[in-house]
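Me: I've got a model open and I'd like to go through the labels one at a time. Can you take the terms and show me what each rests on?

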Amino acid sequence: MERAQPRPTPFSGRLRNEVNRVLLSTDLWVGALIRRAEIGGAFATVARKGDPRAGAVLVKVVDRLSGVTRLYSEATRGDGERIWMQPVSSTEEPDLDAYVERQLRFDPDLWVVEIEDREGRHFLTEAVEKR
């Protein structure tokens with residue numbers, strides 16, 4: 001017996017791909033990141049709360065044991081994929097804090113999440129570009 005082909009739905013093809021790309025509001029996304037970090041044994045907090053629906057996010061990862069701090073900023077590739085990059089090459093916390101302050105002057109809706117982890121993990125699930 002031949003199997004019936006699935007019927008086209010309003011969410012098939014290109015439209016379905018667009019529906020799959022729906023982004024969470026920033027406050028929900030930040031909450032999920034903090035929860036992932038806590039489950040992984042890290043401490044995470046919102047250092048600055050921005051627009052709850054569409055604010056951009058900076059993630060600062062601090063490894064107090066090694067003294068290394070990294071900052072991650074969200075970006076979008078040309079193909080629409082959401083990625084994370086390190087906007088500052090320094091691993092010194094004062095340099096990264098200065099960058100955050102500069103960004104806050106341009107974007108008052110910016111969120112800043114700080115994660116302290118002994119292994120320096122960022123807990124981001126999207127692609128992260130290596131420096």
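Reply: Let's start with contact, which means heavy atoms within 4.5 Å. By that rule, and leaving aside neighbours within four places in sequence, Ser73 is in contact with Val57, Leu58, Ile83, Trp84, Met85 and Pro87. Bear in mind that this is a predicted model, where local features need pLDDT of at least 70 and side-chain atom pairs count only at pLDDT 80 or more, while totals for chains, interfaces and linings use all residues. Residues are numbered from 1 along each chain as its sequence is written, and side-chain values use heavy atoms, with hydrogens and water left out.

Me: Why is Ser73 called buried?

Reply: Buried means under 20% relative accessible area, with exposed over 50% and partly exposed in between (1.4 Å probe, protein chains only). Ser73 has 13%, so the label buried applies. Across the chain, 31% of the 131 residues count as buried.

Me: What makes Ile83 buried, and what does Ile83 touch?

Reply: The value for Ile83 is 4%, so Ile83 falls under the 20% limit. Not counting residues up to four places away in sequence, Ile83 touches Ser73, Glu74, Ala75, Arg77, Ala127 and Glu129.

Me: How do you know which stretches are helices and strands?

Reply: They are DSSP runs numbered from the N terminus: helices are H or I with at least four residues, strands are E with at least two. On that basis the chain has 3 helices and 6 strands, in the pattern α-α-β-β-β-β-α-β-β. Ser73 sits in strand E3 (residues 68-76), and Ile83 belongs to strand E4.

Me: What makes E2 and E3 a pair?

Reply: Two strands pair if DSSP finds at least two bridges between them. E2 and E3 have 6 bridges, in the antiparallel sense, so they qualify. One of the bridges joins Asp63 to Val68 in E3. The two strands form a hairpin with 4 residues between them, and Gly67 in the turn has a positive phi of about 80°.

Me: And what about E3 with E4?

Reply: Again antiparallel, over 4 bridges, with Trp84 in E4 as the bridge partner of Glu74. Their hairpin has 5 residues between the strands, and Gly80 takes a positive phi near 90° there.

Me: Why are E1 and E6 called edge strands?

Reply: The 6 strands form an open sheet in the order E1-E5-E2-E3-E4-E6, with mixed pairing. Strand E1 (43-48) and strand E6 (127-128) each have a single partner strand, so one side of each lacks a neighbour in the sheet. E1 pairs with E5 in the antiparallel sense over 5 bridges, and Arg48 stands opposite Val112 in E5. H2 packs on the sheet, touching E1, E2, E4 and E5, and its direction makes about 5° with that of E5 (axes are lines fitted to C-alpha atoms, for helices over the stretch in contact, and angles run from 0 to 180 degrees between N-to-C directions).

Me: What makes Arg82 count as lying over the face of Trp29?

Reply: A charge sits over a ring if NZ of Lys or CZ of Arg is within 6 Å of the ring centre and within 35 degrees of the ring normal. Arg82 is at 4.9 Å from the ring centre of Trp29 and lies over its face.

Me: What makes a group of residues a nonpolar core?

Reply: It is a set of buried Ala, Val, Leu, Ile, Met, Phe, Trp, Tyr and Cys residues joined through side-chain atoms within 4.5 Å. The largest one here has 17 residues, and Leu33, Val57, Val59 and Ile115 have the most contacts inside it. Helix H2 (26-39), strand E2 (57-63) and strand E5 (111-116) give two or more residues each, with the largest share, 5 residues, coming from H2. A second, separate core of 9 residues includes Leu71, Val88, Leu104 and Val112.
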